[in-house]
Amino acid sequence: MAGTSVLLHCRSLMWIGSRGVTSGAINNNISFIVKQSVRDFCSKMSAAELAKKAAACAAVDNHVTDNCMLGVGSGSTIVYAVERLADRVKTENLKVQCVPTSFQARQLIINHGLNLSDLERTPELDVAIDGADEVDDQMNLIKGGGGCLTQEKIVAANAKYFVVIADYRKRSKVLGEQWKKGVPIEVIPMAYKPVISQLCMQFGGKAELRMAKAKAGPVVTDNGNFIIDWQFDAVPENWKSVNQEITLIPGVVETGLFVNMAKKVYFGMDDGTVSIKE
C-alpha cells in the first residue's frame with residue numbers, strides 16, 4: 001500500500017513538473033513523500049507482527065545450537081524464526097538439520113538455503129519450534145488454523161523439547177477465550193459427515209467442514225484430508241480426555257489439541273519484549 005502511495009504521488013509530481021515546476025522542488029517533494037510513506041509502512045507493521053518476530057528470534061537464539069536436529073513449524077510466526085535461523089547459520093556457520101511440518105515449512109527451509117531433512121533420516125529431534133493459535137494457562141494449545149496440525153503434532157512428538165512461539169493475542173486463561181474458530185480436526189474425506197455428527201452428539205457445540213477461500217470446495221490438507229472445525233459450547237475440564245476420545249472416532253486422523261506437549265512458550269508482547277512461560 002505504501003509503495004502504491006509513493007508511485008501515485010511521484011506520478012503526480014511528474015505531471016506538475018511537466019507544467020513548469022523546477023526539478024529541485026520535485027525531488028524535494030519526492031524525498032519527503034518517500035520518507036513519509038516508509039515511516040507509515042513501518043508503523044503499519046503492526047505490534048502483533050513485531051511481537052511475532054521478537055518471540056521467534058528469542059526462541060531460535062535460545063534453543064538452536066550447532067549440530068542441532070530441528071523441527072520447523074508452520075504459520076506466520078515461523079517465517080520470522082526461519083529468517084533468524086538462516087541468519088545465524090550464515091554468520092555462525094552452524095550445522096542444522098531441519099525437518100518441516102508442512103509444504104510451507106519445506107519451502108521456507110529450501111528458500112533460505114538451510115539443510116532439509118525428514119523423520120526417516122532424522123527420526124529424533126533436539127527441539128521443535130512452532131506457533132499456536134491459542135495457548136492457555138496450562139500450556140495446552142489449539143493448533144491447525146493453517147491446516148498443518150497432523151504433521152506438526154508428529155514432529156513435535158518426536159522432539160526432545162517442544163517450543164512454542166506466539167504473539168500476545170494468542171495467550172488465554174482457557175482455550176476458546178481468544179481463538180473463536182474452534183478445534184481443528186483432520187479427517188479422512190469419506191468420514192467427514194459421520195465425524196461431524198458424532199462430535200456434536202458426544203461433545204455438543206457445532207462442527208463444520210472447513211471450506212477453501214481460493215478454490216471451490218473444502219480445504220485439503222498436505223495429507224489429502226479434510227478439516228472439521230469443532231466449536232465447543234463449554235470449556236471441558238479435561239482436555240487430555242477430550243482429545244483421546246475424539247481421536248477414537250473412526251475417520252479422525254488427528255486433532256489440533258496439543259495437550260501436555262509444550263515445554264516452553266515465548267510470547268512476543270506489544271511493547272517489543274518477550275514473556276516466557278514454562
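The structure is a predicted model, in which local features need pLDDT of at least 70 and side-chain atom pairs count only at pLDDT 80 or more, while totals for chains, interfaces and linings use all residues. Residues are numbered from 1 along each chain as its sequence is written, and side-chain values use heavy atoms, with hydrogens and water left out.

**Aromatic pairs**

A pair of aromatic rings is described by the distance of the centres and the angle of the planes. Here the rings of Phe, Tyr and Trp (for Trp, the six-membered ring) form a pair if their centres lie within 6.5 Å, and planes under 30 degrees apart count as stacked, over 60 as edge-to-face and the rest as tilted. By this rule there are five aromatic pairs. One of them is tilted, because the rings of F162 and F258 have centres 6.2 Å apart and planes at 40°. F162 lies in strand β7 (residues 162-167) and F258 in strand β12 (residues 257-258), so the pair ties together parts that are 96 residues apart in sequence. Another pair is edge-to-face, because the rings of Y192 and F226 have centres 6.0 Å apart and planes at 65°. This pair also links distant parts of the chain, with Y192 in helix α7 and F226 in strand β10 (residues 226-231), 34 residues apart. Elsewhere, ring pairs link F203, W230, F232 and W239 into a cluster.

How much of each paired residue is accessible can be read from the table, where buried means under 20% relative accessible area, exposed over 50%, and partly exposed in between (1.4 Å probe, protein chains only).

| Residue | Relative accessibility | Class |
|---|---|---|
| F162 | 2% | buried |
| F258 | 0% | buried |
| Y192 | 27% | partly exposed |
| F226 | 16% | buried |

L199 lies in helix α7 and counts as buried, because its relative accessibility is 0%. Leaving out residues up to four places away in sequence, L199 is in contact (heavy atoms within 4.5 Å) with I185, G204, A207, I228, W230, I246 and I249.

Apart from neighbours within four places in sequence, T150 contacts E186, N223, V253 and E254.

**Loops**

M190 is found in the loop between β8 (183-187) and α7 (192-203), and M190 is exposed, since its relative accessible area is 75%. In the loop between β12 and β13 (264-268), N260 has a phi near 55°, a positive value in a residue other than glycine, and N260 is exposed at 58% relative accessible area. N67, in the loop between α3 (47-63) and β1 (68-72), likewise has a positive phi, near 65°.

Definitions and conventions: Helix = DSSP H or I, 4+ residues; strand = E, 2+ residues; numbered from the N terminus.
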